[in-house]
Amino acid sequence: MEASKVYLTILVLLLSSLGSLCVPTEVPTYPFRNTSLSFSERVVDLVRRLNLDEKVAQMSHGGANLNGPAPAIKELGIRPYQWGTECLRGIVGAGTATSFPQALGLAASFNPDVIYNVAKATSIEVRAYNNHYVKNSDYGFHHGLSCWSPVINIVRDPRWGRNQETYGEDPYLSGVMADRYVRGLQGGNDRYFRAIAGCKHFDAYAGPENIPEFRVAFNAVVSERDLQYTFYPAFEACVKAGTFSIMCSYNAVNGVPSCCNKHLLTTELRDSWKFEGYVISDQGALECISDNHHYTNDWMHAAAAAVTAGCDAEDANFENNVFTTLQQAVQQHVVDENTIDTAVSRLFMARMKLGEFDPDNMNPYKTLGMDSVCSGEHKQLAVEVAVQTFVLLKNENDVLPLKRSDKVAVVGPFGNDMDLLAGDYPVVACDSTARSPYDGIRNMSDGSVTFNRGCDSPSCPNINGNDDIRRDVSAADVAIVCIGLSSKLESEGHDRSDISLPSGQLQLLQLVASLKKPVVVVVFTAGPLDLSWAKDNVATILQAFYPSAPTGDALGRVLYGSVSPAGRLPVTWPASLDNYPSMTDYAMKGRTYRYPSDNIPILFPFGYGLSYTKFEYDSLVLAKSSISPCTMMRGQVTVKNVGNVVSDEVVQVYLNQTMNPDEPVPYLQLVNFTRVASIASSESSVVHFSIAARQMAMFKEEGYKPATWVVMPGKYNVFVGGQQPDQDTSAPSNVLHAIFTITGDPTKLDDCS
């Protein structure tokens, strides 16, 4: 009897021990999981539970490949977290997704709603993929919710390889687009982010990549005036929109590497603009502090300089990276542990705001499933967006739109190669959505359509199939020549040495033009090209940027007139670089429409673009003829379609300050714009606009300590139309002019309530 009791006791103990192996031990309910507490209180509780090793591990695993994800903290039940996801115009690397046009093309729409809708669709797919991967305990690169987007650096040199990722040369346009991207991506929920936007690359990062110097060691020498007028505004707009992440750049600014530049990361970003999120380095940028810039002697002091300046996480090339030395830095009293606590608190605040530590049923974004990816709505949006990005640069004799019955010869390396149309950081497009120009034209045409590649690659060392090209073009009613650059010739890490069209492509175009048929040149590029020969010798030029998967469907609609093109150039196209400043010269003089030079002829100006109709502007009215400082100026204008085709029109408002011609301010500044949709023939639209005090202010260094923005009394010129005033190459519409006066005393912008 006693023996049976012993055996029974042993059996119960064995079953109990097996049960403890099968059932996971429950994580205690810590205050940081208490949803009745504020996020700030919860973060404080979480961080105080971490030892120094755990804090450093979170900060030092912020990036790609071997560098990510940030590790789990098992005793607290905290999962790994992936800080690196590319989502500039669709999620990259997670799987198939909706593919939208490259960013510079989106900017050419001059439509903030386009940016908002693209960002919203992208973040829905980012969140859906994240929900899927987290359920499967997969925290790989591109599977997270922290987007390294948007790119809001300013295009200041046509040769820079990364122009395509930006929103163009104008700080105001870039700032408006950045605002809409951030709001669209992060969502409008009061408690949670759908995904986190990460505006990059802060700052004064706009070339070179590799010509004539490498970016990792480049020092951008920039005046405070140019920083204030050109390089800061889009980032400030990003912060004001609520972005919760900023990425610091490879380069140094005035001798201090960006990722350890306290003036950038603390004085401007946090003190002036009140940024509350986290800063992450570009991939390997912290290594560059010591290894390339030689700003510090070793990685430990680079880590100390970066975290002290305000960098919170490292995207690195290695698992054992710069920030892994922070434990040593604390032990040697080079860094205070409170500084580490501040940085890691920002990282966990981001994760709080994504809903990681709340029950799933509280977060509406946790319900997004894989059926949200490549949805019919998103695929349709991609085509509608691409249509708005095309810029008609020339259309002599109204060659466009084409007739359905036209026999068409498509020629050129970009005519039927989707890889060349994707741009840098391409999205793997949804199944059966990618259409080339050749596909799109065939789908729209009732006539015969032929295709000849002509060149094997964009560099085009030789022209192939001359006889076939001559035969097909000669038999056609119109030739469509698809030329450009692609990411093979302009991309991250790859600048251009000039703006010439590859000589083989020019010869191909000249061959087609010699056959005396109407020629439509469709250009796939981001950085400007010298198309002087085409401008003088062919009928029609259409700039298409990199439209990606919807290229064919969108192009077909525009070429055949289902939709009139109405995009506008977000960058100035110089005719040549004969007198252009060096890539390494960061002075803005002679660059962009805002600081023009008589020595640099313009092929196509910023804001320029045609449509299939004509517009007329009338009745420009300003609310007042004079205002006091800090007052917003309001106005309105009437735009009428005086042609025969329904079309959108982009109404542009420019400001010119006249009170002191010696004041080093931009010659002209875009201060408002509106894309008016679908104005029918003979119809008019009244467009209202405003000009904020910030846009009238001047950055004053003389007489002000410290230098600051001041609204000055004097006369201001306002120009309103579908383009800049007084351009040699212009659209067939007028530009109206009005003047108002600011009265009273100079007033600091900070004193404007």
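**Exercise 1.** Is phenylalanine 235 buried or exposed?

*Solution.* The model is predicted, so local features need pLDDT of at least 70 and side-chain atom pairs count only at pLDDT 80 or more, while totals for chains, interfaces and linings use all residues. Residues are numbered from 1 along each chain as its sequence is written, and side-chain values use heavy atoms, leaving out hydrogens and water. Buried means under 20% relative accessible area, exposed over 50%, partly exposed in between (1.4 Å probe, protein chains only). Phenylalanine 235 has a relative accessible area of 1%, so this residue is buried.

**Exercise 2.** Classify the ring pair of phenylalanine 202 and phenylalanine 235.

*Solution.* Rings of Phe, Tyr and Trp (its six-membered ring) pair if their centres lie within 6.5 Å; planes under 30 degrees apart count as stacked, over 60 as edge-to-face and the rest as tilted. The count by this rule is 27 aromatic pairs. For phenylalanine 202 and phenylalanine 235 the centres are 5.0 Å apart and the planes stand at 55 degrees, so the pair is tilted. Phenylalanine 202 is also buried, at 0% relative accessibility.

**Exercise 3.** Classify the ring pair of tyrosine 593 and tyrosine 654, and state the burial of tyrosine 593 and of tyrosine 654.

*Solution.* The centres of the tyrosine 593 and tyrosine 654 rings lie 5.9 Å apart with planes at 80 degrees, so the pair is edge-to-face. Tyrosine 593 has a relative accessible area of 5% and is buried; tyrosine 654, with 0%, is buried. One aromatic cluster consists of Phe110, Tyr172, Tyr593, Phe606, Tyr654 and Phe673.
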